[in-house]
Amino acid sequence: MTTTPVDKTAPSAASLAWARRRDSAARFWRAYRTHRAGLSGLAALALIAALAAAAPLLVGPDVQSVTNAPGTALEDPSGAFPLGTDQFGRSLLGLLVWGARVSLTVGLLAAGLSVAIGTLVGIVAGHYGGWFSTVLMRITDWFLVMPALVLAIVLATVMSRSMWTVIVAIGVTSWPTTARLVRAQTIAVESRPYIERAKALGGGHRHIMTRHVLPNVMPLVLAQTTLGISSAILTEATLAFLGLGDPNVVSWGGMLQDAREAGAVSSGHWWYLAPPGIAIAVVALAFTLCGRAIESVLNPKLGATR
């Protein structure tokens with residue numbers, strides 16, 4: 001009996017899959033870079049992320065020290081302190097750079113938690129349907145009509161004050177929009193013929209949801225995550241401004257809260273208020289621009305302006 005020789009030069013299934021992913025990523029980047037607004041947002045985020053990552057080298061952790069502050073309270077901007085000092089004599093520029101670490105971390109993790117919950121609820125509700133889907137959607141509707149900021153404030157109040165409390169408070173209150181979008185996309189995906197073929201061949205619920213539905217909703221999830229980060233950063237700043245953030249870390253919202261307590265508004269110390277406020281606005285705008293560009297690339301029917 002003769003056997004057919006195996007062609008060792010033929011590419012494996014894994015290498016073919018990686019080649020397809022590389023081609024898909026290359027096509028995505030070619031389409032993304034045609035969006036000038038998206039590129040501007042990406043460049044701004046890259047610069048801010050680089051500054052945040054290099055904060056220990058640029059300013060050092062001692063910038064948060066109250067007892068060893070290098071300046072006097074509320075100094076005007078100068079060569080030594082380009083953005084002035086706070087009420088303890090600390091450099092506002094150093095605090096701004098260091099605060100980027102906390103604000104970006106909270107925004108990324110909170111948005112990731114929110115999207116993960118929304119994706120899970122949306123896929124499960126869209127896949128199973130029936131009374132189970134109805135119950136999940138009624139719970140989603142309840143969270144949707146309740147003000148997310150109010151719920152986050154309640155959670156941040158009853159839980160211990162820490163950065164993780166803020167992340168959880170934002171994540172568990174901002175997932176309903178993602179859940180409804182993913183559910184609608186799941187229903188659309190499961191109406192396609194290849195899903196019926198997968199079921200006929202014995203594909204179970206887990207196989208259908210993870211191998212067929214999830215890859216098709218991931219573009220929507222990616223765009224929703226990018227847009228959700230800006231909302232999470234704004235919510236974190238609001239909670240910190242209300243005094244519900246972690247008092248042991250420096251964040252942009254915490255800087256605004258310190259400026260309010262120091263009377264910067266009434267005393268006219270604009271340099272205490274403007275930098276963190278502008279930083280929050282720039283980061284939120286940059287993430288929004290990136291999210292809109294990603295949406296336009298993944299769904300050209302949106303016709304977003306370039």
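Reader: Which residue has a side chain with a polar atom 3.2 Å from the backbone oxygen of Ile170?

Author: That residue is Thr173: a polar atom of the Thr173 side chain lies 3.2 Å from the backbone oxygen of Ile170. A polar atom of the Thr173 side chain is also found 2.7 Å from the backbone oxygen of Ala169. Please keep in mind that this is a predicted model.

Reader: Where is Thr173 found, and is Thr173 buried or exposed?

Author: Thr173 is in the loop that runs between helix H7 (163-171) and helix H8 (176-190). To judge burial, one compares the relative accessible area with a cut-off, and under 20% means buried. Thr173 has 5% relative accessibility, so it counts as buried. Leaving aside neighbours within four places in sequence, Thr173 is in contact with Ala148, Leu151, Ala152 and Leu155.

Reader: How many helices and strands does the chain have?

Author: There are 13 helices and 0 strands. Followed along the sequence, the pattern reads α-α-α-α-α-α-α-α-α-α-α-α-α. The C-alpha trace spans about 90 × 50 × 40 Å along its principal axes.

Reader: What share of the contacts in the chain between residues at least 6 apart in sequence join residues at least 24 apart?

Author: The share is 70%. As for burial, 39% of the 306 residues in the chain are buried. The chain exposes about 16500 Å², and 65% of this is supplied by carbon and sulfur atoms.

Reader: Which residues touch the most other members in the largest nonpolar core?

Author: A nonpolar core is read as a set of buried nonpolar residues joined through side-chain atoms within 4.5 Å. The largest one here has 35 residues, and those touching the most other members are Leu104, Trp252, Met255, Val283 and Phe287. Two or more residues come from each of helix H2 (36-53), helix H4 (92-128), helix H10 (205-241), helix H11 (252-261) and helix H13 (270-298). Of these, H13 gives the most to the core, with 11 residues.

Reader: What does Val283 touch, not counting residues up to four places away in sequence?

Author: Val283 touches Leu45, Ile48, Leu104, Ile233 and Trp252.

Reader: Which residues form a nonpolar patch on the surface?

Author: The patch consists of Tyr128, Trp131, Phe132, Val135 and Ile139, which together have about 540 Å² of accessible area. Helix H5 (residues 130-145) gives the most to this patch, with 4 residues.

Reader: Why is Trp131 called exposed?

Author: The term exposed applies over 50% relative accessible area. Trp131 has a relative accessible area of 68%, and therefore it is exposed. Its place is in helix H5.

Reader: With which residues does Asp141 form a salt bridge?

Author: Asp141 pairs with Arg138, the closest N and O atoms being 2.8 Å apart. These two residues both lie in helix H5, 3 residues apart, about one turn of the helix. Asp141 also pairs with Arg180, where the closest N and O atoms are 2.6 Å apart. Asp141 lies in helix H5 and Arg180 in helix H8, so this pair ties together parts that are 39 residues apart in sequence. Through shared partners, salt bridges join Arg138, Asp141 and Arg180 into one network.

Reader: What are the relative accessible areas of Arg138 and Arg180?

Author: Arg138 is partly exposed at 47%, and Arg180 is partly exposed at 33%.

Note on methods: Residues numbered from 1 in each chain as written. Predicted model: local features only at pLDDT ≥ 70, side-chain atom pairs only at ≥ 80, totals over all residues. Heavy atoms only, no water. Patch = residues over 30% accessible without salt bridge, like charges linked within 9 Å, V, L, I, M, F, W, Y side chains within 5 Å. Areas by Shrake-Rupley, 256 points an atom, 1.4 Å probe, with all protein chains shown as cover. Salt bridge = Lys/Arg side-chain N within 4 Å of Asp/Glu carboxyl O. Buried < 20%, exposed > 50% of the residue type's maximum accessible area, 1.4 Å probe, protein only. Contact = heavy atoms within 4.5 Å. Polar contact = N/O pair within 3.5 Å; in protein donor to acceptor, adjacent residues only side chain to side chain.
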